[in-house]
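Thanks for sitting down with me over this one. Could we go through how the chains meet?

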Amino acid sequence: MSDLEMAATSELGVRPSADPSAGPASTARTRSLTADAWYDLRRNWIFWVASALVVLVVLMAVAPGLFSSADPTACTTRRQFAGPSGGAIFGYDFQGCDVFSRTVHGARASVLVGVFAVLMTGVIGLVFGMLAGYFGGWLDAVLSRVVDVVLGIPLLLAAIVLSKRLSADQQGSGIATVVIVLGILGWTTAARVMRSSVIAARSQDYVAAARMLGAGPLRIMWRHILPNALAPFIVVLTIALGTFIATEATLSFLNIGLRPPAISWGIDIATAGKHVRESATPLVAPSVFLTLTVLAFIMLGDAIRDAFDPKLR
Amino acid sequence: MARYIIRRLLQMVVTFIGATFVVYALMFANQNDPIQALAGDRPVSDNVRQVLTEQYHLNDPFVVQYGYYMRGLLTGDFGKTLTGRPIGDVMSDAWPNTIKLALLALFFATLFGIGAGLVAGLRRGSAFDNTTLALTLVVVGLPIIVLAPIAQLVFGVKLGWFPTTAGARPSLYGLILPALVLGAASTATMLRLTRASVAENVRADYVRTARAKGLSARRVVAVHVLRNSMIPVITLIGVDLGTLMAGAIITEGVFNIPGVGSKLLLGIQTEDGPLVVGFVSVLVVVFLVTNLLVDLLYAVLDPRIRYE
Amino acid sequence: MTYSNPYQQQWPNQPAPAAPVVAGWDDPNRGGWDTPTAAWSTPPSRARVNQPRSGEHLLDVRDLRVEFGTRDGVAHVVNGVSFHVDPGETLAILGESGSGKSVTAQAVMGILDTPPAVVRSGQVLFGGEDLLTVSADRRRQVRGQEIAMVFQDALSALNPVFPVGWQISEALRSRRGINKADARRRAIELMDMVQIPAAAERVDDYPHQFSGGMRQRVMIAMALAMRPKVLIADEPTTALDVTVQAQIMDLLATLRAELEMALILITHDLGVVADVADRITVMYAGRVVEHADVHTLYAQPAHPYTRGLLASVPRLDHRGHGLHSISGTPPNPAAIPDGCAFHPRCPWAQQVCRMTAPTLVRIGRLDRASACHFPPEALDARLA
Ligand SMILES: Nc1ncnc2c1ncn2[C@@H]1O[C@H](COP(=O)(O)OP(=O)(O)O)[C@@H](O)[C@H]1O
Ligand code: SF4
Ligand SMILES: [Mg+2]
């Protein structure tokens with residue numbers, strides 16, 4: 001690195017210890033990297049806006065009553081497209097349902113799907129990525145082919161086909177089905193990221209040293225590799241959470257994910273879209289909430305990544 | 001290089017078989033009554049049952065059925081839809097529309113993404129930079145099911161600039177709004193990547209060298225900065241193709257374009273197995289070939305990359 | 001011209017060159033520690049120092065000041081640097097890393113990024129024309145065509161995605177408008193000139209396919225493509241092995257002579273330029289602290305900083321003995337010490353050094369000056 005570049009970097013306020021190119025050399029280093037990242041994160045307004053949005057959406061999911069006391073399923077065509085009144089600040093939709101109440105209650109499906117799908121893809125991605133990265137060889141080759149196959153079909157398309165099949169027989173709450181679909185199809189990026197982190201960490205001196213001292217693969221992976229590989233993994237999963245929420249809404253929009261009487265932003269957007277010429281407000285409210293939620297997770301992931309990898313700024 | 005291509009082609013064959021097999025299995029296997037599934041909701045007479053059993057080799061093991069299907073596929077025989085239409089005909093109707101739509105979307109994405117990304121990267125921290133950055137953030141978070149109906153409402157219904165639906169034989173003009181919607185996410189990612197890449201490259205030593213040669217500012221940017229910044233952006237096009245195809249399902253639905261996306265969705269909803277597997281097979285091939293081409297293009301653009 | 005040494009008498013006890021000298025650089029017994037006997041005995045053959053004709057030099061930099069706006073405040077990187085070169089002459093600019101040499105060179109070339117850099121004041125006179133005040137177009141015309149530059153790290157300074165021949169002849173094509181075939185031929189000629197073997201076969205290779213030394217030759221060929229009158233080489237050999245360093249230095253010296261160029265060699269390593277430079281300008285914290293012709297500088301360094309630098313040069317005749325480097329580090333340009341910038345590291349420092357900054361004063365009859373409150377005799381006396 002020339003002095004000029006050095007100067008340019010320091011101009012960006014990057015402390016030398018946060019230099020990502022040096023790679024994680026020790027646990028102490030990792031700690032300071034984490035501390036540095038947290039320092040950067042606290043100074044990033046995007047992080048705070050995103051976090052606030054996430055808290056808001058989670059609150060709506062856990063306790064919708066805090067926001068709207070109206071029953072989202074108490075609909076009557078008498079109030080079709082009626083304007084705002086009382087608690088129904090966004091008025092009523094085609095079926096005469098309280099748009100605001102439905103929007104607030106719609107958060108639960110999104111959050112549930114997002115969180116559980118991310119947990120599932122996280123576990124699958126972690127295990128596959130670690131195994132492929134740590135052991136390499138034929139295991140890596142096989143897992144890489146599996147990743148290729150899953151990635152060979154666009155997520156949404158695969159999700160449509162799979163949801164259709166899984167929900168063909170059963171009726172009722174589709175949340176579990178959607179979670180399973182996204183879990184089966186969505187783990188590839190997480191696995192890839194974990195795999196390359198593991199490969200990078202595996203060649204580090206301290207890992208070799210630990211191995212020489214007789215530590216078993218499980219212990220090495222858990223104690224030495226995982227802590228260093230965690231940051232990019234968390235970033236990918238945070239962004240995936242946003243993507244999964246969008247995919248759930250899309251599947252529901254297509255009448256394949258959640259179906260009425262379930263309450264989902266995707267369903268409401270689809271219904272409102274059909275009657276958009278009569279009234280646009282029922283379309284806007286769930287659209288805005290869905291966008292903000294997806295955006296919040298993507299921004300959060302971006303902010304974390306920037307904090308850990310200042311070069312990308 | 002040749003070895004690399006051969007290895008990649010072999011991997012592609014594996015991926016292709018894997019992907020099509022999974023979709024085939026999902027569409028045909030594990031059905032309580034495959035023939036009923038094949039026929040959709042219509043009642044099936046014993047006679048038809050007989051014909052279908054033979055046509056789809058239903059008495060053979062499942063993998064053999066798949067084998068027969070593949071053999072047909074490779075000889076260009078996609079079979080027939082449940083409604084009896086040759087799938088090849090459906091494809092030749094649908095593909096041109098989707099290809100037009102996707103190319104138009106890709107065109108807009110590259111034009112706006114690279115153009116604005118270049119300006120933003122050269123003027124980091126400027127008002128233009130901050131505005132585009134905020135805009136791209138919103139667009140990246142905007143699901144297409146939100147964007148498509150709202151764009152249709154605003155630019156089609158309210159402002160009347162574009163037709164609200166494209167119709168059976170979409171004109172190029174009718175495809176502009178859908179293409180902008182479809183390409184929005186790609187535009188945003190391309191813009192951000194171009195910006196980051198340009199911002200990094202303008203500070204590169206070789207750009208300083210180019211300036212030291214007394215080249216014009218225009219040439220420094222167009223030849224040295226832009227050329228090097230395009231290398232990572234090219235990879236994005238391969239990835240974007242998947243996003244575009246998925247997005248086409250929604251976009252074509254909303255704007256009523258008779259393309260691959262809407263045919264596929266219809267096929268999935270009516271459980272038209274042959275149609276879905278046929279379309280997905282072609283999609284997978286397109287996707288894999290594009291990605292191989294992108295990787296090869298990458299090596300052409302960056303001589304430091306050697307494949308073996 | 002005859003060479004005279006005004007300090008000969010004050011340095012009577014010069015030890016024989018082979019005598020082991022172990023003293024610390026501030027050791028009083030080090031009187032003649034750097035006497036380069038060989039060069040001393042022969043009159044400087046290359047020192048064809050062009051005396052200013054009617055006060056006009058080919059390139060004359062006067063009182064150049066460059067600042068950077070940074071988060072921590074204004075970084076005063078170049079603080080009134082002056083030097084000049086004439087055709088056929090080699091000027092070395094010497095100083096530790098961070099002393100502002102590269103920024104000075106880039107300010108002369110006009111390739112500093114502004115912002116963050118600001119050229120506060122000064123003149124860069126090329127053939128009498130102040131490049132700091134001419135139009136951007138004229139500036140660009142001079143750049144590369146009249147004054148060219150070779151950078152330190154050829155690997156990053158060459159564009160990785162274009163063949164070397166293409167890069168060498170790029171300026172010829174885009175500025176002189178010569179066609180592709182001629183450009184290619186010129187590129188091969190230039191590669192021959194910088195002694196790249198099999199130039200015709202290698203003209204279409206990419207930078208990463210060359211060794212470090214060959215890449216630096218490519219850089220030099222590229223800089224010479226427009227036949228510049230001044231060549232600035234910013235640490236051209238720092239990234240290379242010692243043997244390759246010598247080859248590159250020889251090449252530069254040869255080319256300078258053949259092409260009658262003025263050569264400015266920037267380095268932090270006095271050992272590298274000893275054989276090629278005619279005059280040396282020593283920089284510290286963005287200021288010129290001493291300048292002299294190379295022999296005088298080696299024999300009787302006037303400034304304590306120069307003395308320190310000399311003490312840290314590995315020399316064949318002093319082989320086997322530890323290097324003496326100046327303790328401490330150069331100051332942060334955003335917080336340059338008051339008084340003499342060198343005082344925190346200077347073994348001679350006195351109260352006056354902390355209070356007032358010394359100015360560059362002429363020493364003796366030669367084109368020679370030092371920026372220290374104490375003349376060399378006084379420094380020597382204090383050591384005795
Ligand atoms: N873009 C910049 N912003 C802030 N400071 C800079 C910048 N470029 C160089 N500097 C500072 O200028 C000083 C001198 O740099 P440089 O000219 O590269 O030194 P040298 O070439 O003598 O090693 C260094 O301390 C460096 O930190
Ligand atoms: S002025 Fe003082 S501190 Fe500076 S070099 Fe001379 S003696 Fe040292
Ligand atoms: Mg330098």
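Some questions and answers on the chain interfaces follow.

This is a predicted model, in which local features need pLDDT of at least 70, side-chain atom pairs count only at pLDDT 80 or more, and totals for chains, interfaces and linings use all residues. Residues are numbered from 1 along each chain as its sequence is written, chains are lettered from A and ligands numbered from 1 in the order in which they are written, and side-chain values use heavy atoms, with hydrogens and water left out.

Me: How much area is buried between chain B and chain A?
Reply: Start with the contacts (heavy atoms within 4.5 Å): 45 residues of chain B touch 39 residues of chain A. Buried area is the accessible area (1.4 Å probe) that two parts lose on being put together, summed over both. Carbon and sulfur atoms give 75% of this area, which comes to about 3700 Å².

Me: Which residues form the salt bridge between chain B and chain A?
Reply: A salt bridge here is a side-chain nitrogen of Lys or Arg within 4 Å of a carboxyl oxygen of Asp or Glu. The rule finds one across this interface. At 2.8 Å, N to O, the partners are Arg192(B) and Asp302(A).

Me: Which element gives the most residues to the side of chain B that touches chain A?
Reply: Helices (H or I, at least four residues) are DSSP runs, numbered from the N terminus. Those giving two or more residues to this side include H6 (127-141), H10 (217-255) and H12 (273-301) of chain B. With nine residues, the top contributor is H1(B).

Me: Which three residues supply 27% of the area that chain B buries against chain C?
Reply: Here 20 residues of chain B and 27 residues of chain C are in contact. The buried area is about 2100 Å², and carbon and sulfur atoms give 56% of it. Supplying more than any other three residues of chain B are Arg208(B), Arg211(B) and Lys213(B).
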